[in-house]
Amino acid sequence: MKFACSILATLTLFGCSQGGGARLPTAPGPPIPTASPAPTASSLTSLWGLVVDESGVCIAGATVQVVRGQGLGQSITQTTPCDAWAYDGGVVFRDLTPGVEMTLRASASGYAAQERNVVPSSGAQTAVLFATSRIR
């Protein structure tokens with residue numbers, strides 16, 4: 001009787017298993033597109049910049065605007081005093097996706113505007129310096 005129960009249990013399990021029967025091959029289905037995951041707060045980065053004149057002095061009232069790429073339309077007026085060695089003042093663009101290019105335009109009254117393509121990196125904050133000259 002024990003032997004018969006063991007055989008019955010084995011046959012029941014074998015019949016219910018998915019690997020037991022012969023299967024016909026099936027054509028592979030189309031690939032399922034997956035969306036890129038949204039960046040998390042910890043994967044975002046920032047960009048810090050300064051707008052200075054020919055002598056390296058920060059230009060009060062200078063603005064930096066995003067004219068292409070991520071952050072398009074953002075415009076920040078430089079805070080002064082600013083100091084490249086102390087990482088103080090300037091402009092800061094936050095919550096940027098690393099590796100995604102953007103074009104920045106620095107301008108100030110009486111100075112030539114300057115554009116720069118920048119690709120923020122992950123990890124440490126990316127820094128950019130705009131050294132512009134007076135319009136003569």
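**Exercise 1.** Which residue in S8 does Leu50 stand opposite?

*Solution.* Start with the ground rules. This is a predicted model, where local features need pLDDT of at least 70, side-chain atom pairs count only at pLDDT 80 or more, and totals for chains, interfaces and linings use all residues. Residues are numbered from 1 along each chain as its sequence is written, and side-chain values use heavy atoms, with hydrogens and water left out.

Next, the terms. Strands are DSSP runs of E, at least two residues long, numbered from the N terminus. Two strands pair if DSSP finds at least two bridges between them.

Now the answer. Leu50 stands opposite Leu129 in S8. S1 and S8 pair in the parallel sense, over 6 bridges.

**Exercise 2.** Find the order of the strands in the open sheet, then its edges.

*Solution.* Step one: the order is S3-S2-S6-S7, 4 strands with antiparallel pairing. Step two: strand S3 (75-77) and strand S7 (114-118) are the edges, each pairing on one side only. Step three: look at S6 (residues 102-107) and S7, which pair over 5 bridges. Met102 has Val118 in S7 as its bridge partner.

**Exercise 3.** Describe the nonpolar cores.

*Solution.* A nonpolar core is a set of buried Ala, Val, Leu, Ile, Met, Phe, Trp, Tyr and Cys residues joined through side-chain atoms within 4.5 Å. Buried means under 20% relative accessible area, exposed over 50%, partly exposed in between (1.4 Å probe, protein chains only).

- The largest core has 17 residues. Leu47, Val51, Val64, Phe93, Leu104 and Phe130 have the most contacts inside it.
- S1, S2, strand S5 (88-96), S6 and strand S8 (126-131) each supply at least two of its residues.
- A second, separate core has 5 residues, including Leu50, Val52, Cys58 and Cys82.

**Exercise 4.** Sort the residues of S8 by face.

*Solution.* Recall the pattern: side chains in a regular strand alternate between the two faces of the sheet. In S8, Thr126, Val128 and Phe130 make the covered face. Ala127, Leu129 and Ala131 make the uncovered one. Phe130 also has Arg116 over its ring face, 5.1 Å from the ring centre. A charge counts as over a ring if NZ of Lys or CZ of Arg is within 6 Å of the ring centre and within 35 degrees of the ring normal.

**Exercise 5.** Is Ala60 buried or exposed?

*Solution.* Ala60 counts as exposed because its relative accessibility is 59%. Last, its C-alpha atom is 8.1 Å from that of Ala108, 48 residues away along the chain.
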